[in-house]
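Here is a short briefing on one protein chain. Look at the model, then read the points below.

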Amino acid sequence: MGTFLKYVIYVLVIIALYIIAKGVYDGNITSSTTLGEVATQVDDGTRNMAKDAANDVNKAINDVRQTRQHQ
């Protein structure tokens, strides 16, 4: 269980770093951006990524169901 938790934490850190790097690249995070604003952007970005992933999974499930119904 400890190893699994460790990998989950690694994935969360990688996602946070990706969102921060994207914010810097897009210009949303500058030298005058506060830590609280960055945390809000990371939170919002993580939620959006999770929603997108859930929508993709639901779409794939629906596609499989439709394929099985036509067989």
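The side chains of D26 and K22 meet in a salt bridge, 3.1 Å from N to O. A salt bridge here is a side-chain nitrogen of Lys or Arg within 4 Å of a carboxyl oxygen of Asp or Glu. This is a predicted model: local features need pLDDT of at least 70, side-chain atom pairs count only at pLDDT 80 or more, and totals for chains, interfaces and linings use all residues. Residues are numbered from 1 along each chain as its sequence is written, and side-chain values use heavy atoms, with hydrogens and water left out.

**Salt bridges**
- Side chains of opposite charge can pair when their charged atoms come close.
- D26 and K22 both lie in helix α1, four residues apart, about one turn of the helix.
- The whole structure holds two salt bridges.

**Overall shape**
- The chain has two helices and zero strands. Helices (H or I, at least four residues) and strands (E, at least two) are DSSP runs, numbered from the N terminus.
- The radius of gyration of the chain is 17 Å, well over the 11 Å that the globule rule gives for 71 residues, so the chain is more spread out than a compact globule. This radius is taken over C-alpha atoms, and the rule is 2.2 Å times the number of residues to the power 0.38.
- Along the principal axes, the C-alpha atoms fill a box of roughly 60 × 35 × 15 Å.

**Largest pocket**
- A pocket is an open set of points on a 1 Å grid over the protein atoms alone, where a 1.4 Å probe fits, with protein on both sides within 12 Å along at least five of seven lines; lining residues have an atom within 4 Å of a point.
- Among the lining residues of the largest pocket are K22, D26, Q41 and M49.
- α1 (2-26) and α2 (35-69) each supply at least two lining residues.
- α1 gives the most to this lining, with five residues.
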